[in-house]
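I opened my notebook for a structure that was new to me. Here is what I looked up, entry by entry.

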Amino acid sequence: MKPPRCLLSLGLSGALALGWAAAQGAAPTPRPITPPEPPATATVTRNEPVALEFTPDKLSRLKVPAGFQLKVMATGLGNARSLLVMPDGGIYLSRMKDGDIWYLKDANGDGQIVAAERRQVARNVSSAHGMSVREGKLYLAAEKTIWVMDIAKDGSLNVPRVFADGFPDAGQHGARGMHWGPDGYLYAAFGSTNNDSRTPNPEEATLLRISPDGKSREIYASGLRHTIGFNWHPITGALYGFDQGSDWHGDNIPPEELNVIERGKNYGWPFCFGDENPDPYVNASGIPGKITKAEYCTGTQGSLLNYTAHAAAIDMTFYTAAQFPAEYKNSVFVAYRGSWNRSEPSGYQIAHVSFDANNRPTAITPFVSGFVYQDAGTWKQFGRVAGVAQYTDGSLIFTDDQSGVLYRVLYTGGQK
Ligand SMILES: [Ca+2]
Ligand SMILES: [Ca+2]
């Protein structure tokens, strides 16, 4: 996709202007070719839909494909972010702003998780987010630290111990995604501290691969601005991740990305987006080596699929169960939390990534939508989706971190 030639200047925010001045003040890098400097202005729009609390009467606005049914499993969960479903149906829920973990279990199997079926099992963990289990221990990724806790039979956790430490500062992107990989190493994603420029810390905007004892680590992939949701394809083993593109570069630049993440590869941010496209709004002075932005981008890894800019993927899950129709097997569900700087809001939905017979992703389409809508000329929303996971019965569950709702999607359409 080529960037539009002519962009209307709508003015810059104070934050962007400051960032711009700082970039201009950086020491110039000698280069044989002077690359064209980026335009000083972009189509910049701050447009946060009016946030509404969830109320059951709003459920009729939500759309799911034919044959599926949407239900509310729990409310009042606060800043509900990541989900981790245990084989016995217990659900760990991290709450980033609250800095804690809750254990939820539908003990009577009625599809509701009431107050008596939920309890806080960890607390005082700043920016608690990604969770992963290995050998009876729960690992939790927080801002600069990965914690480990022993899991008791009833789901309780002991006091968190430090597993690995000294990770990059959170800055703008403190939500960390983390999973134990099929190779027995722990993978954790550390987003950029700022919008569209690198800092001297090489671990920023990367996916890290951490040894099983937590004592050593490598940069597995770089140029990933904020990839929180990632996982391995159940058949091919390929690692897929959703990257959030830069803000303040207009309504459509850069698109959100689905990448296949391979060891040692650079995924382009901050200078490139999508399929090796140079980002016209990023100053080229930070590019290493005497090369232009276009040359640099040619050496990066392009995305497999793109999605509407600013949709903001948080979490993803492969669907491996049998409740949904066969075409969903080994495909992906992704939670797009929703935009705050696009004229027409994007995201605010669970999307589905279909895969072909060769297990390659083919398209991203809305699966649960309707959280954002226009009402008498005003954009409104009543849900910002964050965590998404497969439940033990093969239904799909997801969180809304604004109203604290846990939703569940079931297939009830009969013939598959
Ligand atoms: Ca219940
Ligand atoms: Ca990229």
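Predicted model: local features only at pLDDT ≥ 70, side-chain atom pairs only at ≥ 80, totals over all residues.

**Entry 1**

In what order do its strands stand? I read 2-29-28-27, in an open sheet with antiparallel pairing. Strand 2 (68-74) and strand 27 (385-390) are the edge strands; each has a single partner strand, so one side of each has no neighbour in the sheet. On average, neighbouring strands here are turned by 25° against each other, direction ignored.

**Entry 1: walking across that sheet**

Next I moved to strand 28, which pairs with strand 29 in the antiparallel sense over 5 bridges. Thr 399 has Leu 406 as its bridge partner in strand 29. The two strands form a hairpin with 4 residues between them, and in the turn I found Gly 404 with a positive phi of about 70°.

**Entry 2: a closer look at strand 28**

Is strand 28 enclosed or open to the outside? I found that 5 of the 5 residues of strand 28 (residues 396-400) are buried, so this strand is largely enclosed by the rest of the structure. I reminded myself that side chains in a regular strand alternate between the two faces of the sheet. In strand 28, Leu 396, Phe 398 and Asp 400 point one way, while Ile 397 and Thr 399 point the other way, and all are buried.

I then picked Leu 62, in the loop between strand 1 (50-51) and strand 2. Leu 62 has 17 C-beta neighbours inside 10 Å and so counts as partly exposed. Which residues does Leu 62 contact, leaving aside its neighbours within four places in sequence? They are Leu 70, Val 368, Gly 370 and Phe 371. I also looked up Gln 349: it is 287 residues from Leu 62 along the chain, yet their C-alpha atoms are separated by 9.4 Å.

**Entry 3: backbone details in the loops**

I looked for cis peptide bonds and noted two places. One joins Ile 253 and Pro 254, with omega about -15°; Pro 254 sits in the loop between strand 16 (239-243) and strand 17 (256-260). Another runs from Trp 269 to Pro 270, with omega near 5°, and Pro 270 belongs to the loop between strand 17 and strand 18 (272-273).

Ala 205 has one of about 60°, in the loop between strand 12 (186-190) and strand 13 (206-210). Its 28 C-beta neighbours inside 10 Å make Ala 205 count as buried. Ala 312 has a positive phi near 65° and lies in the loop between strand 20 (305-307) and strand 21 (313-319). With 24 other C-beta atoms within 10 Å, Ala 312 is buried too.

**Entry 4: the nonpolar cores**

Which members of the largest nonpolar core touch the most other members? Of its 91 residues, they are Leu 140, Ala 188, Val 334 and Ala 335. I followed Val 334: residues up to four places away aside, it touches Gly 229, Phe 242, Ala 313, Met 316, Ala 351, Val 353 and Val 388. A second, separate core has 9 residues, including Phe 271, Cys 272, Phe 273 and Ala 284.

**Entry 7**

My last stop was strand 23 (residues 349-355), which is mostly covered, with 6 of its 7 residues buried. Strand 22 (residues 331-336) is joined to strand 23 by 5 bridges and runs antiparallel to it; Val 332 has Val 353 as its bridge partner. Strand 24 (residues 361-368) also pairs with strand 23 in the antiparallel sense, over 6 bridges, and His 352 has Thr 365 as its bridge partner there. In the hairpin of strand 23 and strand 24, with 5 residues between the strands, I found Asn 359 taking a positive phi near 60°.

Notes:
Residues numbered from 1 in each chain as written. Chains lettered and ligands numbered in written order. Pairing = 2+ DSSP bridges. Axes fitted to C-alpha atoms, helices over the stretch in contact; angles between N-to-C directions. Buried ≥ 20, exposed ≤ 12 C-beta atoms within 10 Å, placed from the backbone. Contact = placed C-beta atoms within 7 Å. Core = buried A, V, L, I, M, F, W, Y, C linked by C-beta atoms within 7 Å.
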